[in-house]
Amino acid sequence: MTTSRAVIDCGAPRRARGPRRLIALAALLLLAFAAPSGAQTWSSLWSDYHDQMLWGDRAWSQRRLQELPTIVERELIDTQVIPGLIELLAKEKDNALRANAAWALGEIAGPDSRAAASDALLAALQDPEDRVRAAAAQALGVAYVPERGVDLLELARDSAAGRRLVDNKALKDDLRVGALWALAASEDAQQVPGLIELFDDVADSKHGIKSTIARALGRCGRGSAEQAAEFLHDQLSDHWLEESVRSSAARALAELGQPSSLPVLTKVFGKLKSDEVIQASILLAIGEIAEPSDTKALKLLLDEAFKNDDAGVRARALMAATLLLADDTEASANSKNHKTYVSKLKAQLKKPKHRGDGPLHALAAGYYSRAHLERGEDLMELVLKELDDVKDPKARGAYALSMGLGRGEDYGEVLLELFRDTKHTGVRASVAEALGMLGNQDALAVLREELGERGQAGGLISDCATAMMLLSDTDALTSIATLLADSDNIETRASLVRTYGTFRTPAAVSALHDIVTDAKRDDATRRAACTALGRAATARVTSWAAPY
């Protein structure tokens with residue numbers, strides 16, 4: 001029998017300029033809409049997001065991972081993995097594991113297994129656990145087979161037809177939100193009128209229903225962009241609406257990408273006083289929609305990146321400006337804007353106006369330099385200088401990651417020396433990841449040795465393995481398997497298992513499938529394996545994470 005393979009290029013653009021940026025932006029939004037506001041120190045920002053894998057430096061490196069080709073063994077997935085997850089969803093006692101199984105089914109179901117996955121998820125809508133039902137509803141957006149005759153919009157409405165799907169019980173808000181995310185994933189333009197009607201019918205924004213409707217319009221509206229954009233313009237401009245709803249409207253407009261939205265976004269931004277969440281969303285939307293030649297848009301983004309009083313808004317504005325120019329394929333034609341960006345960022349790297357912003361400036365410099373090596377050369381010289389001067393170990397990790405992004409020929413030696421000399425686990429993890437992004441083959445021996453050490457922190461092991469993946473060395477799988485077998489710590493085992501999801505190879509998928517279906521293993525490890533399986537077996541980038 002011949003094995004069916006599908007080679008997926010994760011970096012394929014959706015349109016000529018913008019949304020390979022959307023892959024990065026989807027990850028950056030995790031920081032962008034969760035980050036704290038106010039005068040927070042670098043260390044507190046790091047602590048809040050690094051541990052949750054939500055901080056911005058992870059987004060920069062995750063984009064590199066998304067650019068790697070993925071070979072999906074459809075036969076393996078359809079004949080072993082999907083049936084195993086379906087059985088897990090139907091019979092497993094642990095509620096969290098069932099919820100993760102539902103999520104994974106939505107991630108990895110393919111043309112030959114979508115019908116079976118859809119039936120399992122429809123059955124899970126009557127699961128006794130609320131979060132399982134919500135995860136099943138959400139997963140249906142990808143796996144749903146229309147021939148099954150279920151109207152996802154009825155689930156979101158809490159209508160009589162929707163209640164029949166859950167044994168005539170009132171639909172709880174988390175399930176309704178799950179159904180709305182499912183509609184968003186379907187990207188069905190025919191849903192736009194119904195979503196607009198539902199938005200007007202929802203009395204309040206409890207549990208994010210209105211916000212999720214707005215986000216769904218951003219996805220479904222791509223085939224009916226004018227109608228969806230006009231409605232979202234009105235919601236963004238309505239100062240009576242809750243901040244979270246207006247923020248979601250801005251994010252949806254970013255996904256629609258209509259140039260006609262720019263004047264509306266700019267006008268609303270000018271009227272805002274202290275609504276940091278909306279400000280951040282608007283700036284990200286402007287960065288996504290504007291063209292690299294748009295001098296007015298770039299000026300607004302850079303002004304807010306370096307002058308706004310809110311740390312979170314500054315971070316988003318800088319990310320938006322960096323992404324706007326990093327993907328510019330006509331940099332020579334837009335050289336004035338590039339010179340402006342480099343000049344202003346250089347000034348901030350030398351003497352930041354806001355204390356603690358330096359590491360973010362360094363990350364932006366690295367990301368920009370990855371795309372425009374010669375233009376970013378001066379920026380990276382400043383980053384290298386600051387690496388020697390900065391004392392905070394967590395900030396040093398960010399400067400190291402910037403060097404991994406920047407691709408300088410001499411950076412590998414500097415990073416290897418830093419890796420050997422520092423004892424701080426967080427810094428060493430960042431340096432390992434930077435070496436992987438840099439493509440430094442000399443690092444392999446050091447990384448292999450690190451993985452061979454017992455008692456290392458799970459995060460450091462994960463980043464070493466990720467670096468080896470970036471260096472196209474699959475020996476890390478064997479090392480992880482050995483460490484997993486030897487570890488008695490539940491958190492370390494879960495971290496090791498999640499690392500498998502980075503590899504996206506048949507061997508990784510098989511190993512994860514064995515862990516997920518092994519009832520003798522602890523539930524935390526199996527939940528992590530479910531999440532990793534969803535990542536290892538698909539190249540799709542979603543806007544939501546696994547439930548657990």
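Helix α27 (residues 475-486) packs with helix α28 (residues 490-500) at an angle of about 155 degrees, and their axes lie 10 Å apart. Axes here are lines fitted to C-alpha atoms, for helices over the stretch in contact, and angles run from 0 to 180 degrees between N-to-C directions. Helices are DSSP runs (H or I, at least four residues), as are strands (E, at least two), numbered from the N terminus. α27 and α28 are therefore roughly antiparallel. That label covers angles over 145 degrees; under 35 counts as roughly parallel, 65 to 115 as roughly perpendicular and the rest as oblique. Their crossing is left-handed: the near helix is turned anticlockwise from the far one by less than a right angle, whereas clockwise would be right-handed.

The model is predicted, local features need pLDDT of at least 70, side-chain atom pairs count only at pLDDT 80 or more, and totals for chains, interfaces and linings use all residues. Residues are numbered from 1 along each chain as its sequence is written, and side-chain values use heavy atoms, with hydrogens and water left out.

Back to the helix pair. From α27, Leu477, Ile480, Ala481, Leu483 and Leu484 meet Arg493, Leu496, Val497, Thr499 and Tyr500 of α28. Contact means heavy atoms within 4.5 Å. The residues of this contact divide into eight nonpolar, one polar and one charged. Nonpolar covers Ala, Val, Leu, Ile, Met, Phe, Trp, Tyr, Cys and Pro; charged covers Asp, Glu, Lys and Arg; the others, Gly among them, are polar.

Now the whole chain. The protein chain has 30 helices and two strands. Of its 548 residues, 60% are buried. Buried means under 20% relative accessible area, exposed over 50%, and partly exposed in between (1.4 Å probe, protein chains only). Among contacts with a separation of 6 or more, 70% join residues 24 or more positions apart.

Next, the core. The largest nonpolar core has 171 residues, and Leu85 and Ile282 touch the most other members. Such a core is a set of buried Ala, Val, Leu, Ile, Met, Phe, Trp, Tyr and Cys residues joined through side-chain atoms within 4.5 Å. Helix α18 (residues 311-326) gives the most to this core, with 11 residues. Leaving out residues up to four places away in sequence, Leu85 touches Ala101, Ala104, Leu105, Ile108, Val516, Cys530 and Leu533.

Helix α4 (residues 74-91) packs with helix α29 (residues 506-516) at about 25 degrees, with axes 10 Å apart. That makes the two roughly parallel. Their crossing is left-handed. α4 brings Leu76, Gln80, Val81, Gly84, Leu85 and Leu88 to the contact; α29 brings Pro506, Val509, Ser510, His513 and Val516. These divide into seven nonpolar, four polar and no charged.

Arg98 sits in helix α5 (residues 95-108). Arg98 is buried, at 6% relative accessible area. Residues up to four places away in sequence aside, Arg98 touches Leu88, Leu89, Glu92, Lys93, Asp127, Pro128, Glu129 and Val132.

One more pair remains. Helix α13 (residues 225-237) and helix α14 (residues 243-256) pack at about 150 degrees, with axes 9 Å apart. They are therefore roughly antiparallel. The crossing of α13 and α14 is left-handed. On the α13 side stand Ala225, Ala228, Ala229, Leu232, His233, Gln235, Leu236 and Ser237; on the α14 side, Arg246, Ala249, Ala250, Ala252, Leu253 and Leu256. The contact holds 10 nonpolar residues, three polar and one charged.
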